[in-house]
Amino acid sequence: MTAETNSIEVRNLQTYYGSRHILKNVSLDVRMGEIFVIMGGSGSGKTTLLNHLLGLLRPSSGSIRILGRDVNAVTPLEKQELRTRMGVAFQSGALFSSMSVGDNIALPLREHTQLDETTIGIVTRLKLEVVSLAGFEDLMPSELSGGMIKRAALARAIVMDPRLLFCDEPSAGLDPVVASSIDDLILRLRDAMGMSIVVVTHDLDSTFKIADRICVLDKGEVLALGTVDEIRASTSPRIQNLLNRRTEEAEVDPDAYLRRLMGIRDGDEDEPRGKRL
Amino acid sequence: MLAARLHTLFDRLGRAFVRGLEEFGFAASLLGEALWWLVLGQRRRQRVRMAPVVAQAMEVGIAALPIVTILAATIGLMLAIQGIYTLRTFGAESRVTLGIALSTVREFSPLITGILVAGRSGSALAARLGTMRINQEIDSLTVMGINPVRFLVVPPLVAMVVMLPLMTLWADLVSLLAAGLYVSAQLQTSLAAYGDELQTVLKLNDVMHGLAKSAIFAVLVTIVGVVNGASVTGGAEGVGRMTTRSVVHAISAIIITDMVFAFMVTR
């Protein structure tokens, strides 16, 4: 049973938006208890990959197994049950702006458990302690700073004690000191709770600080997948460009260039459908 | 040249038609899903809770009472003024009560209340859902295992369907009273006589006609608000655009449905 060792298994994942090929045959495994960083520049497909892992998008082909279950083949009730075992901290935090921080964090408990309000209050404050936001439960999300929003979002993501935690750009838009403290928090969460953590980021410093293994995405392909040392030692020029922050020379294709100047578009660039409510 | 232009024209027309049809289908499936969660949510461990329904009902209904009262009274006065003016032509001012009573409970109360709620609460719903969508809050609900339709659509839907007929009934009372005050002052009769006449001309059927329509308006306002809110793309500007659109669509839907309903039921 592979579910014992891998919390996520992605096999030959392909996605198209209209005729644009976004993810090209992506396969990867995330092991139990490891911090797995998905790294890549803008437009590399990392957000799309994350949305697939979260079950927000359906792949054109390929399979995704999370905690031993194929997310596109389970019944709605099983999917709901699966979702209570994973937590997600979105890039913007995505805290519900109409609720206080405490209510935000308590929401999954109120919806999915039969716990009484006293217990819910204790668990909520406990999780706020973990992310060093004790005493902030009565504030509204609009009253928090950027770093505090990320912390609150993490507290909400871990309130159900998930086996699997996703963090989308945890350090984006924060100053280096606050970003580094978020990294420490992620490391502490893994050590204290033993959960697998998938981090999507383009931040190199934080990647090397927290990652056990790294997956480098580029133009929808897995460019490299390995431990921190393996990635650092890679001889691929594209990876070295990424690591050393060199801009890539754009390939020269005079025909394509002329077509772009003439305003002839290659294909229908529709956004993906079906992700409405 | 002309052929090419015609081609583009038909192309656009066709696309707009398909988009409209798609939106209609989305609205219908949304309504179905909301009803499904309302009835079977418990079994899916996604119970629809009472607290948000009550909160919505307060927001949709109670908070709107002052403005409903003012508008209903104004409409009642307006009907009385116009009614007496019209009937004076035949010297039949004393028969004005019948016209006021029927047009108020059958048309004006449900219409004015529906339009008011569309402007107040339908737009608020669209703006809230739109903002939640661009802030990833809806994704956030989904990945928490909380169905967004059950959590965000069912409470306002239930609140509107309960509150709008109640508000319409209130508007009936206020409007008829205001009209009665004017009529009795103008025609030198007593308010009691006006009340007696109301009782003889108004049938329960007429009142129910208005209330049934207002329940349909409640569903329309909610679903139009949700469809527009859920379709927001493109940041803050998109939220503004879809909010405006939801008000225009909701009011149009109300007026058209009103006519269709009257046509089907009254003949």
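Begin by selecting helix α8 (residues 204-230) and helix α9 (residues 235-266) of chain B, which pack at an angle of about 150° with their axes 9 Å apart. α8(B) is therefore roughly antiparallel to α9(B), a label given to angles over 145 degrees. Axes here are lines fitted to C-alpha atoms, for helices over the stretch in contact, and angles run from 0 to 180 degrees between N-to-C directions. Helices are DSSP runs (H or I, at least four residues), numbered from the N terminus. The crossing of these two, α8(B) over α9(B), is right-handed, that is, the near helix is turned clockwise from the far one by less than a right angle.

The model is predicted, with local features requiring pLDDT of at least 70 and side-chain atom pairs pLDDT 80 or more, while totals for chains, interfaces and linings use all residues. Residues are numbered from 1 along each chain as its sequence is written, chains are lettered from A and ligands numbered from 1 in written order, and side-chain values use heavy atoms, without hydrogens and water.

Next, select α3(B) (residues 65-88) and α6(B) (residues 148-186), whose axes lie 7 Å apart at an angle of about 40°. The two are therefore oblique, and their crossing is right-handed. Residues that meet (heavy atoms within 4.5 Å) include B:Leu65 and B:Ala72 of α3(B), and B:Trp170 and B:Tyr182 of α6(B).

Finally, select B:Glu137 in helix α5 (residues 137-143) of chain B.

Terms used: Angles under 35 degrees count as roughly parallel, over 145 as roughly antiparallel, 65 to 115 as roughly perpendicular and the rest as oblique.
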